[in-house]
Amino acid sequence: MSHPDAPSINRPPDPAITVAVPLPLSGEDQARADLYALLSRLLLAAPDGALLDALAHADPILSEGGDPALEQAWEALSLASGVMDPDAVSEEFDALFISVGTPPINPYGSRYLAGFMNDTPLAELRADLARFGIGRVRGVGEFEDHLGALCETMRVLITGAPGIARQPLARQQAFFEVHIAPWYERCLDDIASGEGANYYRLVARLAGAFLAIEAEAFVVGEALTESMV
């Protein structure tokens, strides 16, 4: 489900970053990767009719006794996908994210972390991406610190891609905590409260529920690792 505007994957220039033996991809990791891919797709472009139909008929996500936020957000988005007109969603996307001049919503890390587009956080992100062999596709309009592009990067760190191995959880966590965790909540709040946000209010809700689970899981995993040392 990768979006064509997501960063390209090249052969890593730094051999030290490559994991020699492929890490096994669990069902849980595949599910994480799939959600990151979906969020990337939805944040980088409006869903077309085929994607809306797929979401409308998607299997539910079950919380199984845990926090129901993700389950409820998924159900809400699925129900909305079944009744939304693709043209209406496209118009909503354009109104929120595309504009002559400055659009209402700029989902870029630099803007939230430094107050300006293309600032120091983007340069630091590019340095980290280069270590993984991930670079921006020539001609693509979105910068690498777009929240959708960062979701695609997380997918690649989880699953791997041609020329890059799957990355251990510790490296996924480090990337998430530096480049996504400090600002994603503010960005999603802006999307959800944006004028005219209807379908994308639900997209923001789904993204927030999922990324909150990711943040908590990383912390729990780190604590378990430390307790075993």
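Which element gives the most residues to the lining of the second largest pocket? The structure examined here is a predicted model, in which local features need pLDDT of at least 70 and side-chain atom pairs count only at pLDDT 80 or more, whereas totals for chains, interfaces and linings use all residues. Residues are numbered from 1 along each chain as its sequence is written, and side-chain values use heavy atoms, with hydrogens and water left out.

The largest pocket holds about 510 Å³ of space, a pocket being an open set of points on a 1 Å grid over the protein atoms alone, where a 1.4 Å probe fits, with protein on both sides within 12 Å along at least five of seven lines. Its volume is the space filled by probe spheres set on the points, which are joined across faces, edges and corners. Lining residues, defined as those with an atom within 4 Å of a point, number 21 in the largest pocket, and Glu 28, Ala 31, Arg 32, Leu 35 and Phe 210 lie nearest its centre. At least two lining residues come from each of α1 (27-44), α2 (49-56), α3 (69-81) and α10 (199-227), where helices are DSSP runs (H or I, at least four residues) numbered from the N terminus. The greatest contribution to this lining is that of α1, with seven residues. By class, the lining comprises 16 nonpolar, no polar and five charged residues, with Ala, Val, Leu, Ile, Met, Phe, Trp, Tyr, Cys and Pro counted as nonpolar, Asp, Glu, Lys and Arg as charged, and the others, Gly among them, as polar.

The second largest pocket holds about 300 Å³ of space, and of the 14 residues that line this pocket, Ser 63, Gly 66, Asp 67, Leu 70 and Ile 213 are the closest to its centre. Two or more lining residues are given by α3 and α10, and α10 gives the most, with five residues. Eight nonpolar, two polar and four charged residues make up the lining of the second largest pocket.

Helix α4 (residues 86-97) has 12 residues and should span 16 Å at 1.5 Å a residue, in agreement with the 16 Å between its end C-alpha atoms; the expected span is 1.5 Å times one less than the number of residues. Its buried residues (under 20% relative accessible area, 1.4 Å probe, protein chains only) are Val 89, Glu 92, Phe 93, Leu 96 and Phe 97. Seen down the axis of α4, these residues fall within an arc of 100 degrees, so they line one face of the helix, the arc being that of the directions from the helix axis to the C-beta atoms.

The buried residues of α6 are Pro 121, Leu 122, Leu 125, Leu 129 and Phe 132; seen down the axis of α6, they fall within an arc of 95 degrees and so line one face of the helix.

Ile 191 lies in helix α9 (residues 184-192) and is buried, with a relative accessible area of 1%. Its C-alpha atom is separated by 6.6 Å from that of Ile 105, 86 residues apart along the chain. Ile 105 lies in the loop between α4 and α5 (109-114) and counts as buried at 5% relative accessibility.

Notes:
Buried < 20%, exposed > 50% of the residue type's maximum accessible area, 1.4 Å probe, protein only.
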